[in-house]
Amino acid sequence: MGALDGRTALVTGASRGIGRAVALRLAADGALVAVHFGTDAAAAERTVAAITAAGGHAFPLRAELGVPGDAAALAAALWAAFDAGLAAMDVPAGVDVIVNNAGIGRSGDIREVTPAEFDRLLAVNVQAPFFIVQQALGRLRDGGRIINISSGVTRIATPEIIAYAMTKGALDVFSLALAKELGQRGITVNSVNPGIIDTDVNAAWLGGSEQVRAQAAALSVFGRVGEPRDVADVVAFVASPDSRW
Ligand code: NAP
């Protein structure tokens, strides 16, 4: 028996990086996983194939975030797919776990960020998670889980990526307020705030030189850059019944 047997999960941005690792882990724990992606259908298919090969259940779900109507479009596609998949699996209609992971990052410092870049960061990193949850609330089952992938930059000053950091601060406040709103239904809301993780978004600068990588590793008490799996294991805990209180 897996901790998430009979449950359903939406993981946004699950085609690559942290989201992919989260999708793999939640599926391994027994959830039927909607592998959301924006543009990279081939990568999403690879995530689904890896889950299926391991004996899990998943399907790809495309929706561009950060554009008008994004959350409604995602929800419509999700319910249609879940209904079909759930019926086949004899699982009650509804969603149990929402992982708001899709995000864009690395703005410049306060002198460099343009209004358009600022708007885009807010639209993808803050507005989309907010309205995805709003769309999902009616079908989020009691005892459900909402997990927002924030960042350690809400705790460590990073003026060189100030606008990105601000979006993650907003996500943390979202988690806090929503947790109070939904606690009575046994629904938990958590932010997970990783440090530097080895994903595509960091590939250019982490791969720049051994010295840069060593500097990034030194920022962690563990002396290494994190792997997507390191985050997925934490998400798995806050997605599980063990994190009920
Ligand atoms: P990544 O490797 O760049 O992957 C991003 C994922 O999000 C992809 O699946 C991508 O899908 C999707 N996505 C991005 N923009 C989208 C959009 N506009 N519409 C729909 N989907 C979109 O990112 P990552 O490094 O794994 O980061 C995942 C999350 O962790 C982000 O919220 C990030 O801020 C946070 N985080 C990352 C780190 C780190 O060091 N990597 C540290 C702390 C927090 P497509 O490729 O299909 O577009």
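Predicted model: local features only at pLDDT ≥ 70, side-chain atom pairs only at ≥ 80, totals over all residues.
Residues are numbered from 1 along each chain as its sequence is written, and side-chain values use heavy atoms, with hydrogens and water left out.

**Stop one: strand E5**

Select residues 140–149, which form strand E5. Helices (H or I, at least four residues) and strands (E, at least two) are DSSP runs, numbered from the N terminus. Seven of the 10 residues in E5 are buried, so the strand is largely enclosed by the rest of the structure. Buried means under 20% relative accessible area, exposed over 50%, and partly exposed in between (1.4 Å probe, protein chains only).

(Strands pair if DSSP finds at least two bridges between them.) Pick Val-99 and you'll find Ile-147 of E5 opposite. Show helix H4 (residues 115–136) as well, and you have a right-handed β-α-β unit made of E4, H4 and E5. Right-handed here means that, with the strands pointing away from you, the path from the first strand over the helix to the second runs clockwise.

Next, bring in strand E6, residues 188–192, which runs parallel to E5 and is joined to it by five bridges. Which residue of E6 is the bridge partner of Ile-147? Click on Asn-190 to see that partner. To get from E5 to E6, the chain passes through helix H5 (residues 162–182) in a right-handed β-α-β crossover.

**Stop two: either side of E5**

Go to Ser-150, in the loop between E5 and H5. Is Ser-150 buried or exposed? It is buried, with a relative accessible area of 3%. Its side chain makes a polar contact with the side chain of Asp-172 at 2.8 Å. (A polar contact is a pair of N or O atoms within 3.5 Å; within protein, one must be able to donate a hydrogen and the other to accept it, and residues adjacent in sequence count only if both atoms are side-chain atoms.)

Then hop to Gly-138, in the loop between H4 and E5. Gly-138 is exposed, at 75% relative accessible area.

**Stop three: the ligand**

You get 33 residues, the closest being Ser-15, Arg-16, Asn-101, Tyr-164 and Thr-199. They divide into 14 nonpolar, 13 polar and six charged.

Zoom in on Asn-101, where a backbone N or O atom lies 2.7 Å from a ligand oxygen atom. At Leu-65, a backbone N or O atom lies 2.8 Å from a ligand nitrogen atom. Over at Arg-120, a polar side-chain atom lies 3.4 Å from a ligand nitrogen atom.

Which element gives the most residues to the shell around the ligand? Color helix H6: it gives three.

**Last stop: E2 and E3**

Finish with strands E2 and E3 (E3 is residues 57–62), which pair in the parallel sense over six bridges. Val-33 stands opposite Ala-58 in E3. Follow the chain from E2 through helix H2 (residues 41–53) to E3 for a right-handed β-α-β crossover.

How values were computed
Near = heavy atom within 4 Å. Nonpolar A, V, L, I, M, F, W, Y, C, P; charged D, E, K, R; others polar.
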